[in-house]
Amino acid sequence: MGNRAIAEIQFADYIYPAFDQIVNEAAKFRYRSGNQFNCGGLTIRAPYGAVGHGGHYHSQSPEAFFCHVPGIKVVIPRSPRQAKGLLLSCIRDPNPVVFFEPKWLYRLAVEEVPEHDYMLPLSEAEVIRQGSDITLVGWGAQLSVMEQACNEAEKDGISCELIDLKTLLPWDKETVEASVRKTGRVLISHEAPVTGGFGAEISASIVERCFLRLEAPVARVCGLDTPFPLVFEPFYMPTKNKILDAIKATVNY
Amino acid sequence: MANWLRISSRTVANHIKKRMNKEFMGGAVHVNQSSGLWWGLNRGGPVSDRNRRHMDPLAWNRATLLCVQRFKTTLAEKQHDSFLSSDSDDDNQSVDFPGGKVSYTSEMSFISESSQTRVPCYRVLEDDGDLISDCDFQQVSKEDAVKMYSNMVTLQIMDNIFYEAQRQGRISFYLTSAGEEAISIASAAALSEQDIILPQYREPGVLLWRGFTLQEFADQCFGNKADYGKGRQMPIHYGSKKHNFFTISSPIATQLPQAAGIAYSLKMDNKKACVVSYIGDGGTSEGDFHAGLNFAAVMEAPVIFFCRNNGWAISTNVSEQFRSDGIVVKGRAYGIRSIRVDGNDALAVYSAVSAAREMAINEQRPILIEALTYRVGHHSTSDDSTKYRQLDEIVYWKKARNPVNRFRNWVQNIGWWSEQQETQLRNSVRKQLLEAIQVAEKTEKPPLSELFTDVYDHPPSNLEEQEKHLRETVTRHPKDYPSDISV
């Protein structure tokens, strides 16, 4: 109807009652009507991810469910400055967008955020650290964990390239592919459980496009295949050391 | 019998109504005002011995009618009457559609969005704890009354101490039942141990009544190895199979369709038990509320839907939650018998749940109870409610409308409780709680293996692999992991 709606789901863990409307309605509005109608004015934002004490229902990373739905976009910022620019782009994007905000960063992140209006492009991944031995791909709060792993790997002489995907659907295959062609190795890390996580899509795509360039299997360092546990959270999470171990294993393959 | 009822319920109901109009002072008014009262007198089919108490004008509901006299009005009656009046012309001007015969009228009129007055709430005690005169209610034994009161005090103290423990960083989260002690304790007291409880999350009083110990509460909050939930969930997500109390989950209203299903299972197995499921005012806006109630009604399942209308859904006031007269009026939309009760009146809650349970089991039907109350505490330790409501309001309810004080006055006035017992109880409970916390804090967490069990009945190969891999990681990087979880 020409207006915009920005809906907030208080925790991504509670988004599922809206799944029918997002998947069957919002995502298909334009397509099913032959472009007579569209649901582009809709942006849904939801805090997602681990917070240290959230347990089953205040820690989930449900991005993979939504990345499986043609017709919507899925965007995840890694920092305050990114959040503003990306959110403004999402709101103005003529497609329905689900915007997951890493709640871990709500209290933790400190950054200079410009006061003026600015937009950051969707479906463009960003190389946030240059490297030559291995490509790491991630999003949201996990990037800072991966960055720590990259710093430590550097001490062991491993040069890591780190990419923030930013938009998971539609994702920027070109940037990731270009990086893998340079390094020959790739590692993906996310909090969501490994089986069926978005890392699987990235892995399959890279193997399709870069098979002969790859020096090692695609590595995934992710959450376990269990509900997000409370007291066992430290064991469940893809930690810096799990990533570091996987970097070394991949490089030494 | 159920079939008989469906076909001629209107005729029977009207017969009763006309009979009542002659027998009660202002009777007609009260009949129409609240469907709960009306149905109380026509609770089943033909007058059998079993139903006679309910058909008897001198039974339970006469007192209820007298108690709510202050709410009477004639306007609502007229409106309601015209809506039903066409029944007498039944056979001449009716038309057939799927769903049955309806009479028709050529006068176009819309059913008003609300009645002139709100549905009155059933109460037995005055605000100061005095019994309302001439009131009828389900009598409570001294033993039960003392147990109810003691539990309410225990719940109050438990809430205070655990809340403090969270503030001190000893547990990660807590939420209180402050202001709603009468609801959970009194409703639990009216049930049998075989009745299945599907809580939302603000009803630990039910578990307390059933014998869950302070140690068991503390163990869950600390997520130690004695926690039945094996440390997997946040504090207050209690569950106890032996107490027929299903494990709490955070999402709102998801328990309601489950309650309908569990009640249906009891019905299939011919059990003399019911399900009681709790929900807040906010939860009634969820789709699952509609699904749960509708299913229960159609399946004629023995479930009591107990809505704690405490005025606030985190920061959303009821004025922004719905445009109906609360939740009680929604029952009729599903064909569910309903009642509104003063949730801060322990005796009223006890009586209403008692009666509801009998109906649910004997008649195999769902019942909706809306208990009006006030959420004195913040939504949880993650909330500061002074940000969205007046401190005066909170203090008023905490002091002047306190359900625990109200019930104490009643128990004390009839000589079943004393100041000395009060002091003894509070000191004893406080001591036990502090000890329970100390023990819980020192108790080991569950072992690492419990991270992988119970995802399924048996762990699939991917989990076995992940456990193996994780153990290797822990061996390599022990400093990354808490020392109170044995590997």
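1. Into which domains is chain B divided? There are two entries: domain 1 covers 142-442 and domain 2 covers 448-477. Their C-alpha centres sit 36 Å apart. Keep in mind while reading on that this is a predicted model.

2. Next, the contact between the chains. Chain B puts 33 residues into it, and chain A puts in 27 residues. The size of an interface is often quoted as the accessible area lost when the parts come together. Here chain B and chain A bury about 2,400 Å² between them, with 70% of that on carbon and sulfur atoms.

3. What about charge pairing across that contact? The count between chain B and chain A is one salt bridge. It pairs the side chains of B:Arg476 and A:Asp245, at 2.8 Å from N to O. On the side of chain B that touches chain A, the residues split into 16 nonpolar, 10 polar and seven charged.

4. Across the interface of chain B and chain A, eight residue pairs are in polar contact, with both partners at pLDDT 80 or more.

5. For the structure as a whole, the search turns up 44 salt bridges over all chains. One of them, within chain A, joins A:Asp117 and A:Arg92, whose closest N and O atoms are 2.7 Å apart. A:Asp117 lies in the loop between helix H5 (104-108) and strand E5 (126-129) of chain A, while A:Arg92 belongs to helix H4 (residues 80-92) of chain A, so this pair ties together parts that are 25 residues apart in sequence.

6. Two backbone spots in chain A deserve a look in your viewer. The peptide bond joining A:Leu169 and A:Pro170 is cis, with omega about -10°. A:Pro170 sits in the loop between strand E8 (167-169) and helix H7 (173-183) of chain A. The other spot is A:Asn35, where phi is near 70°, a positive value in a residue other than glycine. That residue, A:Asn35, is in the loop between helix H2 (29-32) and strand E2 (42-48) of chain A.

7. Last, the annotation. An unreviewed UniProt entry places "domain: Transketolase-like pyrimidine-binding" at residues 1-108 of chain A. In the model, the end C-alpha atoms of that span lie 39 Å apart, and the span is 31% helix and 19% strand. A:Asn35, with its positive phi, falls within those annotated residues of chain A.

Note on methods: Residues numbered from 1 in each chain as written. Chains lettered and ligands numbered in written order. Heavy atoms only, no water. UniProt positions renumbered as here; feature names shortened; annotations may be inferred. Helix = DSSP H or I, 4+ residues; strand = E, 2+ residues; numbered from the N terminus. Domains from an automatic or database assignment. Contact = heavy atoms within 4.5 Å. Buried area = accessible area lost by both parts, 1.4 Å probe. Salt bridge = Lys/Arg side-chain N within 4 Å of Asp/Glu carboxyl O. Polar contact = N/O pair within 3.5 Å; in protein donor to acceptor, adjacent residues only side chain to side chain. Nonpolar A, V, L, I, M, F, W, Y, C, P; charged D, E, K, R; others polar.
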